[in-house]
Amino acid sequence: MDTPSALAFKPAVGDHAFTPRQRELLTLAHELGRTRFAPRAAQWDETASFPFANYDDLRESRLLALCVPEASGGLGADYATYMMVAAEIGRFCGATALTYNMHICSTMWTGLLADGIAMSETQRAEHARRREIHFARVVKQGAVYAQPFSEGSAAAAGRAPFGTTARKVDGGWIVNGRKIFASLSGAADYFGLLCTEDKGDEKPDARDTLYLAVPATSEGVTVTGDWNPLGMRGTVSRNLQFKAVFVSDDEQLMPRGVYFKGAQTWPAMFFTLAPTYLGIANAAYDFTVSYLRGEVEGEPPVKRRMYPTKQIAVAQMRIQLEQLKSLFLRAITEARPNPGKDERMRLYAAHYTVMEGANDIARLAIRTCGGQSMMKHLPLERLYRDSRCGSLMLPWTAELVLDRMGRETLYEAGEKDE
């Protein structure tokens, strides 16, 4: 195992005994972020446009296939390694890291995570064959997958079946429905769509969730609406409409009924939004230190570090950042199928701490650096706006995480309200 000092920079995840492969991938992500993603980040935010140039870099560096198994031509990264790499990307461009997560999950869920989900022999064989189709698209064609989730209902929170439906027909499915906040809506080649199987007169059930890859060029797929939000403007998360869209059987990313099992088996699958915001928290802290030391490129070399109030604020930021990193590292290194209750609680705690803490660190950064830091040519005001979005993201918003933690602490599985 390599020691943390083997890296020439301080990774966003903090000190860790990185493997040689993790060190190599973190170095790659850091250099891409530092030299290419960071200089472009302001333009995606200003124009609310998708970071296509960054995806060209991800494609060229093979990072689009980060979690595709090596046997299928990918880089074969495990869960923890992906989370480390994503956090490193997030410290340079939040919108790139967040949309990259949607793409990676389409390969991770069908690869590493699916291997830990109970399936019949028939399902396992079917899945093994079909996922090779999708892996080959990413590896050989550089295809990008999105993961439209939200519908403006309780479905994305896991409390109701999805309103988007798929009805079985010869050779495939007919999909109808609508998704909102659909990141990569005008950029992805395929939409990894979560929808409910339409069984006619039967009442819709979350257990009948299907996970289908819908080609973006399919007849009946349209992108609608504008995208002009507070933050994460480069995700271009517009609306998707599906009207009588035919999807072939081989576009199933998981066999029937397996996604629901996966959500129960692998709660860490929903933690993959967090590394983006850990990266942003690092970026806000790094900027504050550089600014107070008079080391921000292009700015007058004015030092502001001698004031006790600013020293205390930086100390507070560092303490909070270390808390984020420690919980994050613990959660990603113990992520596994069917975790115990304490592991699950730590996962929830890590998610809440990162999502809320990133914005708090950015808030402290603006207050400490002062009015100049709000200028658009500096990154801090963008980091603040981007960081605010984390605790709002389904399925684990800040409020839903608190609800889960409280309920699962006070009630055992199967217990009901008095």
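1. A residue is called buried here when its relative accessible area is under 20%. Thr107 has a relative accessibility of 2%, so Thr107 counts as buried. Please keep in mind that the model is predicted.

2. Thr107 is part of helix H4, which covers residues 94-113. Which residues does Thr107 contact, leaving aside its neighbours within four places in sequence? These are Cys67, Val68, Phe135 and Val138.

3. Helix H4 also packs against helix H2 (residues 52-60), at an angle of about 55 degrees and with the axes 10 Å apart. That angle makes H2 oblique to H4. The crossing of these two helices, H2 and H4, is right-handed.

4. On the H2 side, the residues that meet H4 are Asn54, Tyr55 and Leu58. Their counterparts in H4 are Thr96, Thr99 and Tyr100. Sorted by class, the contact of H2 with H4 has three nonpolar residues, three polar ones and no charged ones.

5. Is the crossing of H3 and H7 left-handed or right-handed? For H3 and H7 the crossing is right-handed.

6. H3 brings Met83, Ala86, Ala87 and Gly90 to this contact. From H7 come Pro275, Thr276, Leu278, Gly279 and Ile280. By class, the contact of H3 with H7 has six nonpolar and three polar residues, with no charged residue.

7. How many aromatic pairs does a search of the whole structure find? The search finds 17. Tyr145 and Tyr190 form a stacked aromatic pair, with 5.0 Å centre to centre and 20 degrees between the planes.

8. Tyr145 belongs to strand E1 (residues 145-146) and Tyr190 to strand E4 (residues 190-197), so the pair ties together parts that are 45 residues apart in sequence. Are these two tyrosines buried or exposed? Tyr145 is buried, with a relative accessible area of 2%. Tyr190, at 13% relative accessibility, counts as buried too.

9. Ring pairs also link a set of residues into a cluster. Its members are Trp109, Phe149, Phe162, Tyr211, Tyr259, Phe270, Tyr348 and Trp396.

Key:
Residues are numbered from 1 along each chain as its sequence is written. This is a predicted model: local features need pLDDT of at least 70, side-chain atom pairs count only at pLDDT 80 or more; totals for chains, interfaces and linings use all residues. Side-chain values use heavy atoms; hydrogens and water are left out. A crossing is left-handed if the near helix is turned anticlockwise from the far one by less than a right angle, and right-handed if clockwise. Helices (H or I, at least four residues) and strands (E, at least two) are DSSP runs, numbered from the N terminus. Contact means heavy atoms within 4.5 Å. Ala, Val, Leu, Ile, Met, Phe, Trp, Tyr, Cys and Pro count as nonpolar, Asp, Glu, Lys and Arg as charged, and the others, Gly among them, as polar. Rings of Phe, Tyr and Trp (its six-membered ring) pair if their centres lie within 6.5 Å; planes under 30 degrees apart count as stacked, over 60 as edge-to-face and the rest as tilted. Buried means under 20% relative accessible area, exposed over 50%, partly exposed in between (1.4 Å probe, protein chains only). Axes are lines fitted to C-alpha atoms, for helices over the stretch in contact, and angles run from 0 to 180 degrees between N-to-C directions. Angles under 35 degrees count as roughly parallel, over 145 as roughly antiparallel, 65 to 115 as roughly perpendicular and the rest as oblique.
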